[in-house]
Amino acid sequence: MTYREQRETDNGQIRVHFEGRLLQCRHCPKKYSCMQNPSSADHRNGAGRQVSFIIENKRLPNYTDWMKHRVDSPKGKEIYSHRMSVVEPVFGNIGTTKRLNRFSLRGKKKVQGQWQLYCLVHNIEKLANYGHLAAS
């Protein structure tokens, strides 16, 4: 289930809303006890389980809550999805093109140094290939 939003009710309490994905609900054995209309998960136009509850405890928000709110916001989802598409080719390039499929050194500091050298080579290669685009 993914976090959707939180709203304040008429009496001032905070209600948090979550929503399940349709494909997850479709084959779930608990959908008959969980959903009000379990047959809605069996066709394409249906919806997944939607849950909301009132937050009872009045603890102060911490950094984890703050980060969850940022990542779950529309701008956070846009940034995070872009990040996922940008990071993956780096590992593909280092693993496939530069053939780093296992470290040749032992020990945390040595492995960290070897990884940083590969990252340095990757970044220099990016500058050599695409640096003229940033300069113009």
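This is a predicted model: local features need pLDDT of at least 70, side-chain atom pairs count only at pLDDT 80 or more; totals for chains, interfaces and linings use all residues.
Glu 125 belongs to helix 5, while Lys 98 sits in the loop between helix 4 and helix 5, and the two are 27 residues apart, so the pair links distant parts of the chain. Colour by accessibility and the two ends part ways: Glu 125 is partly exposed, with a relative accessible area of 31%, whereas Lys 98 is buried at 16%. The cut-off for buried is under 20% relative accessible area, which is why Lys 98 falls on that side of it. Side chains of opposite charge can pair when their charged atoms come close.

Which residues does Asn 93 contact, leaving aside its neighbours within four places in sequence? They are Lys 98, His 122 and Glu 125. Asn 93 is found in helix 4 and counts as buried, at 15% relative accessibility.

Next, select Leu 100, in the loop between helix 4 and helix 5. Is Leu 100 buried or exposed? Its relative accessible area is 11%, so Leu 100 is buried. Show what surrounds Leu 100: apart from its neighbours within four places in sequence, it is in contact with Ile 94, Gly 95, Gln 114, Trp 115 and Tyr 118. To check one of these by distance, draw a line between the C-alpha atoms of Leu 100 and Tyr 118, which are separated by 8.4 Å. Along the chain these two residues are 18 residues apart.

The structure holds 2 aromatic pairs. In one of them, Phe 91 and Trp 115 are stacked, 5.8 Å from centre to centre with 15 degrees between the planes. Phe 91 lies in helix 4 (residues 74-97) and Trp 115 in helix 5 (residues 108-135), so this pair ties together parts that are 24 residues apart in sequence.

How do the rings of Phe 103 and Trp 115 meet? Their centres are 6.5 Å apart and their planes stand at 75 degrees, so the pair is edge-to-face. The cut-off for that class is over 60 degrees, which is why this pair is not counted as stacked. Phe 103 comes from the loop between helix 4 and helix 5 and Trp 115 from helix 5, 12 residues apart. At 28% relative accessibility, Phe 103 counts as partly exposed. With Phe 91, Phe 103 and Trp 115 all shown, the view holds a cluster linked by ring pairs.

Leave the helices and turn to the sheet. It is open and antiparallel, with 3 strands in the order 1-2-3. Which strands are at the edges? They are strand 1 (2-8) and strand 3 (50-54), each pairing on one side only. From one strand to the next, the twist averages 20 degrees.

Zoom in on strand 1 and strand 2 (residues 14-19), which pair in the antiparallel sense over 6 bridges. Select Thr 2 and look across to strand 2, where Glu 19 stands opposite. Then select Glu 8, whose bridge partner in strand 2 is Ile 14. Follow the chain through the hairpin, which has 5 residues between the strands. Gly 12 there takes a positive phi near 90 degrees.

How values were computed. Residues are numbered from 1 along each chain as its sequence is written. Side-chain values use heavy atoms; hydrogens and water are left out. Rings of Phe, Tyr and Trp (its six-membered ring) pair if their centres lie within 6.5 Å; planes under 30 degrees apart count as stacked, over 60 as edge-to-face and the rest as tilted. Helices (H or I, at least four residues) and strands (E, at least two) are DSSP runs, numbered from the N terminus. Buried means under 20% relative accessible area, exposed over 50%, partly exposed in between (1.4 Å probe, protein chains only). Two strands pair if DSSP finds at least two bridges between them. Axes are lines fitted to C-alpha atoms, for helices over the stretch in contact, and angles run from 0 to 180 degrees between N-to-C directions. Contact means heavy atoms within 4.5 Å.
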